[in-house]
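Dear colleague,

Please find the structure below, followed by an account of what was found in it.

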Amino acid sequence: MIPLIVIILSFILEGLCSLIFNSSLLATTFSFLSLLFIYPFVKEKKNFMIISFIFGLIYDITYTGTVLLNAFIFLVASIIIIKLYKTFQMNPFNIIIISISLIIIYRSITYLFLLSISNQSFNIMVLLESIYSSLILNAIYVFIIYFILTRKCFKKRIQNSKIKY
């Protein structure tokens with residue numbers, strides 16, 4: 001249930017932010033970064049990868065119009081997230097560092113795709129500006145979601161424990 005709520009809220013919040021800010025200075029990737037938070041709640045890796053792919057496909061259709069690009073990126077991100085959860089302890093610092101890394105990966109793949117299919121020439125500054133513009137608002141989002149979910153999980157662990165407080 002929690003993964004569905006996180007996905008829907010991030011999807012709606014991303015749409016609202018794009019309408020409110022309407023500039024590349026505060027570009028969001030909330031939907032993409034929500035994958036980082038839903039993985040612990042999905043029991044099987046295969047299911048997480050399927051959810052990521054389908055969510056990327058819905059994101060493609062709704063926001064970008066590039067069918068399969070974000071589905072592929074979300075799938076690749078799900079594989080990276082699985083590996084990172086095995087390697088690192090998830091604390092606020094690591095979550096922010098991983099989020100920054102995921103934003104860089106997302107923006108780089110998108111940039112390379114646009115560079116390969118476009119008639120226009122893009123310089124590297126376009127990529128760097130899109131990464132930079134994504135960091136501030138996305139870092140705030142990640143920080144808030146992390147604390148909401150860790151607090152929720154902590155309460156759930158206390159309620160499920162046999163020790164009565």
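How far apart do the axes of H2 and H4 come, and at what angle do they cross? Their axes come within 9 Å and cross at roughly 30°; axes are lines fitted to C-alpha atoms, for helices over the stretch in contact, and angles run from 0 to 180 degrees between N-to-C directions. H2 and H4 are therefore roughly parallel (angles under 35 degrees). Their crossing is right-handed, meaning that the near helix is turned clockwise from the far one by less than a right angle. Ser31, Phe32, Leu35 and Leu36 of H2 make the contact with Ile73, Phe74, Ala77, Ile81 and Tyr85 of H4, where contact means heavy atoms within 4.5 Å. These residues divide into 8 nonpolar, 1 polar and no charged; Ala, Val, Leu, Ile, Met, Phe, Trp, Tyr, Cys and Pro count as nonpolar, Asp, Glu, Lys and Arg as charged, and the others, Gly among them, as polar.

Please note that this is a predicted model, in which local features need pLDDT of at least 70 and side-chain atom pairs count only at pLDDT 80 or more, while totals for chains, interfaces and linings use all residues. Residues are numbered from 1 along each chain as its sequence is written, and side-chain values use heavy atoms, leaving out hydrogens and water. Helices are DSSP runs (H or I, at least four residues), numbered from the N terminus.

Serine 31 lies in helix H2, residues 30–38. Beyond its neighbours within four places in sequence, serine 31 is in contact with Ser10, Phe11, Glu14, Phe55, Tyr59 and Phe74.

H4 also meets two further helices. Helix H3 (residues 45–64) packs against helix H4 (residues 69–87) at an angle of about 145°, with the axes 7 Å apart, and this crossing is right-handed. By class, the contact of H3 with H4 has 14 nonpolar, 5 polar and 3 charged residues. The axes of H4 and H5 come within 11 Å and cross at roughly 150°. H4 and H5 are therefore roughly antiparallel (angles over 145 degrees).

The largest nonpolar core has 36 residues; such a core is a set of buried Ala, Val, Leu, Ile, Met, Phe, Trp, Tyr and Cys residues joined through side-chain atoms within 4.5 Å. Phe32, Leu35, Phe37, Phe48 and Leu102 have the most contacts inside it.

Yours sincerely

Definitions and conventions. Helices (H or I, at least four residues) and strands (E, at least two) are DSSP runs, numbered from the N terminus. Buried means under 20% relative accessible area, exposed over 50%, partly exposed in between (1.4 Å probe, protein chains only). Angles under 35 degrees count as roughly parallel, over 145 as roughly antiparallel, 65 to 115 as roughly perpendicular and the rest as oblique.
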